[in-house]
Amino acid sequence: SSYGYLSGYKKPKGLTEQTNRLQELFPGLGFANQELLTQIEKGEVKLPKSAEGWFAIPNWIKNPTIFGATYSEALQKVINTIKQTRDGKFYNYREGQIDEKHIRQSARTLKFFDELSETQGNPDILIFSAQFGIRHRGKSVRRVREVFAVSEFGFGAFAVGIMILTHSERLQHYDDLYIDCAGDEWSSQADGVFGNAPIFGFGGGGVRFNARRVDFANEYYGSASGFLFSLPQ
């Protein structure tokens with residue numbers, strides 16, 4: 001694939017700008033680990049070589065009054081917020097299907113999220129080293145899951161949706177690299193067979209949310225992912 005970040009996104013915004021934006025979008029949301037933020041700002045935490053930079057993602061499990069009690073409710077909150085911030089230029093091909101029978105987080109992603117949350121002291125906002133899709137462009141989700149680095153894990157639709165919210169320049173053009181959410185598993189028939197994964201794309205002048213089979217490879221798409229990182233001793 002030769003597709004990339006066409007709309008103006010080059011690298012993540014500063015973490016303070018991201019956390020401020022999240023607190024604007026989700027009133028009542030608290031803070032990230034301030035010691036970790038300071039260490040990152042001072043360059044004391046090394047960014048993994050395959051990551052583009054640092055991203056701030058709400059710890060939805062800790063904030064059920066904001067995001068709901070389940071992962072699907074948290075994702076629906078994010079989808080609704082994307083629609084609002086894009087002035088309605090958003091289409092959900094899975095309207096009415098955002099529930100626990102259709103979507104779940106992968107075991108690998110859950111494991112890494114829990115580990116990072118514990119390491120950071122379970123704050124309201126978690127800090128991740130991550131990339132927005134270009135590392136795995138052109139690969140199917142199934143292939144991406146096979147070639148993850150030891151410390152790498154897929155981002156799900158909640159995390160990717162948050163990244164879109166804090167980086168509004170992403171997905172503004174038909175020829176942008178679309179985003180596979182390899183950290184989630186989707187069941188099209190809600191029958192316990194999770195052979196699909198969510199996607200965010202662009203069309204008709206706005207962001208599109210859908211799901212497709214994990215064995216489908218397309219040059220337009222790339223999976224977003226995060227990486228474990230080491231803290232100063």
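**Note on strand pairing and salt bridges**

1. Three bridges connect β4 with strand β11 (residues 225–227), and the two run antiparallel. Within this pairing, S129 is placed opposite F227 of β11. Two strands are taken as paired if DSSP finds at least two bridges between them. Helices (H or I, at least four residues) and strands (E, at least two) are DSSP runs, numbered from the N terminus.

2. This is a predicted model, in which local features need pLDDT of at least 70 and side-chain atom pairs count only at pLDDT 80 or more, whereas totals for chains, interfaces and linings use all residues. Residues are numbered from 1 along each chain as its sequence is written, and side-chain values use heavy atoms, with hydrogens and water left out.

3. Strand β4 also pairs with strand β1 (residues 53–58): six bridges join them, again in an antiparallel arrangement. Here the residue opposite S129 of β4 is W54.

4. Strand β4 (residues 125–131) is mostly covered, with seven of its seven residues buried. Buried means under 20% relative accessible area, exposed over 50%, and partly exposed in between (1.4 Å probe, protein chains only). I125, I127, S129 and Q131 point one way from β4, while L126, F128 and A130 point the other way; all are buried.

5. A search of the whole structure finds eight salt bridges, a salt bridge being a side-chain nitrogen of Lys or Arg within 4 Å of a carboxyl oxygen of Asp or Glu. One of them joins D180 and R212, at 2.8 Å from N to O. This pair links distant parts of the chain, with D180 in strand β6 and R212 in strand β9 (residues 206–213), 32 residues apart. Both D180 and R212 are buried.

6. Another salt bridge is formed by K13 and E169, whose closest N and O atoms are 2.9 Å apart. This pair, too, links distant parts of the chain: K13 belongs to the segment before α1 (15–25), and E169 to the loop between α7 (157–166) and β6 (178–180), 156 residues apart. K13 counts as partly exposed because its relative accessibility is 24%.

7. Which residue does R21 meet in a salt bridge? Its partner is E24, at 3.3 Å from N to O. R21 and E24 both lie in helix α1, three residues apart, about one turn of the helix. R21 is partly exposed, at 31% relative accessible area, and E24 is exposed, at 54%.
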